[in-house]
Amino acid sequence: MKKTLNFLQKYAGTFAILFVIFFGYKFVTDAEILGRYLFPQVGDIGQSFVEKWPEMLLNLKASMLLLIPGLVIGVLVALAIGIPMGLRVKLRRALYPIIYGTSMIPVVLLSPFAVHIAPTLRAAGLFLVVWGTIWSMLFATINGIMTIDKRYLDNATALELKGVKRLVKVILPAALPSMAGGFVTSVRQAFISLVFAEMYGTRAGLGYFVRAYSELSFFQHVWSGFLLIAAVMIIFMQIIERSKDKLLKWTIN
């Protein structure tokens, strides 16, 4: 009970804003200030959840089966490239302009190539999610290692820590705050890439659900899809943020 009260107190402002948005939307749709074609009434959106909930769950499962592997692969690629670049000045100088230029290519530009080159639509969608995941994590890893306080490295040298031991016990922990922040940003970018990939490169997922019903002009289902995507993103990001806070509990918040 105490945890519930603390939660409500902590997010009282958030709930107040959501309350205003909800009843504001209800008022303008009931009064037909906004056209009901694109802006269905609250009751219609609620009915859509009831009717389409099983289909939404199936598409949610498809989204998670694309998002989670894409995140894992993207993070592993970012670490595999970012750690050596952070440690080696010559390697960083050689690769940084290329990496930076490549990171500027948006998902929307790559999607036609991914759809035509990949063996399956799922593979194309996975590639786009990985692409959206890599860059923030990569740059955060490079910058985190580059900006380590030299005193940590001097202490590691004094303790004769070398190789993998030096990397695991000194370098990565010191760079972890930057890397964790990059990971949070990568998750957000991965969600954006996921929805785009599902809308234009797959045949399943919440993005596909929204696109399919928008093409059929069933906008009550489009809105329910939007709301479910927003809810899933909020819950997922809260889990990531809390995990990050526990991982970095030794830092100043």
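**Notebook: contacts and helices in a predicted model**

I began with contacts, meaning heavy atoms within 4.5 Å. In the protein chain, 72% of the contacts with a separation of 6 or more join residues 24 or more positions apart. I am working from a predicted model, where local features need pLDDT of at least 70, side-chain atom pairs count only at pLDDT 80 or more, and totals for chains, interfaces and linings use all residues. Residues are numbered from 1 along each chain as its sequence is written, and side-chain values use heavy atoms, with hydrogens and water left out.

**Whole chain**

I looked up the secondary structure next. The protein chain has 10 helices and zero strands. Helices (H or I, at least four residues) and strands (E, at least two) are DSSP runs, numbered from the N terminus. The C-alpha atoms fill a box of roughly 70 × 55 × 30 Å along the principal axes. Of the 253 residues, 36% count as buried. Buried means under 20% relative accessible area, exposed over 50%, and partly exposed in between (1.4 Å probe, protein chains only).

**H3 against H9**

I then checked how helix H3 (residues 42–87) meets helix H9 (residues 206–215). They pack at an angle of about 135 degrees, with axes 7 Å apart. Axes are lines fitted to C-alpha atoms, for helices over the stretch in contact, and angles run from 0 to 180 degrees between N-to-C directions. H3 and H9 are therefore oblique to each other: under 35 degrees is roughly parallel, over 145 roughly antiparallel, 65 to 115 roughly perpendicular, and the rest oblique. H3 brings Lys52, Glu55, Met56, Asn59, Leu60 and Ser63 to the contact, and H9 brings Leu206, Tyr208, Phe209 and Tyr213.

I followed up Lys52 of H3. Is Lys52 buried or exposed? Lys52 counts as buried, because its relative accessibility is 18%. Not counting residues up to four places away in sequence, Lys52 touches Phe209, Tyr213 and His221.

I moved to Thr102, in helix H4 (residues 89–103). Thr102 is partly exposed because its relative accessibility is 25%. Leaving out residues up to four places away in sequence, Thr102 touches Trp131 and Trp135.

I finished with helix H6 (residues 121–146). H6 has 26 residues and reaches 38 Å from first C-alpha to last, close to the 38 Å expected. The expected span is 1.5 Å times one less than the number of residues. H6 bends by about 30 degrees at Ile134. That bend is the angle between axes fitted to the seven residues ending there and the seven starting there.
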